[in-house]
Amino acid sequence: MSVASFRGLASTFVKSTFADFTQNFIIEQLTETPDGQGGFTETWSTFASVTGFVKTVTAKEVQIDDRIHSEYLKKFSFEYISGINNDMRILYSGDYYNIRSSVSVVDSTIWIDIVADKNKAA
C-alpha cells in the first residue's frame, strides 16, 4: 500500500469514525516585528488554525513550599502539520497551553499528537 493511499484511507477513517474531532484551536508562534526605532517587539502570531480532538491527560494540584501548584495537561490530536515545535503555544477555549511534545503517530505525516500544559502559559 502506498503512502498516498494509506493517507487517504486514514483520513477517511478519522472523518467517518470520530465525530468528536470537532474542537477548534489555534497554534501560535512567537515572531519579531520591527518597532519602528531599529529594534524588534516579540508578538504571538497564528501559525495554524486547527480542528481536531482535545483530551485532558492530567489535572492535579500539589502543595509545594506552602503554595498550591496546578498542573493541567491536554493532548491535542489532529491532521499532521509540518513545522510545529516546542517553542509554540496553543490557544484553546480562551486558555493558552505551552507545547511540551509533538509526536507524529507511527512516525508518519498523517496524524500528530501534541501534549501541552496550561501551567504559566503566556
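Start by colouring this predicted model by pLDDT. Among the elements of the protein chain, strand S4 has the highest mean pLDDT, 95, while helix H1 (residues 3–17) has the lowest, 65. Across the protein chain the average is 81, and 75% of the residues score at least 70.

Select residues 89–92, which make up S4, and pick out Arg-89. Is Arg-89 buried or exposed? Arg-89 has a relative accessible area of 5%, and it counts as buried because that value is under 20%. Now show the side chain of Glu-28 as well: a polar contact of 2.6 Å links it to the side chain of Arg-89.

Then look at the hairpin of S4 and S5: two residues sit between the strands, and Ser-93 takes a positive phi near 50°.

Keep S5 on screen and bring in strand S6 (residues 111–117). Here the pairing is again antiparallel, with six bridges between S5 and S6. Select Ser-102 to find its bridge partner in S6, Ile-114.

For the last stop, go to strand S2 (residues 40–64) and select Glu-61. Its relative accessible area is 54%, so Glu-61 is exposed, the cut-off being over 50%. Finally, select Tyr-72 too: Glu-61 and Tyr-72 are 11 residues apart in sequence, and their C-alpha atoms are 8.8 Å apart in space.

Technical notes:
Residues numbered from 1 in each chain as written. Predicted model: local features only at pLDDT ≥ 70, side-chain atom pairs only at ≥ 80, totals over all residues. Heavy atoms only, no water. Helix = DSSP H or I, 4+ residues; strand = E, 2+ residues; numbered from the N terminus. Buried < 20%, exposed > 50% of the residue type's maximum accessible area, 1.4 Å probe, protein only. Polar contact = N/O pair within 3.5 Å; in protein donor to acceptor, adjacent residues only side chain to side chain. pLDDT = per-residue confidence, 0-100. Pairing = 2+ DSSP bridges.
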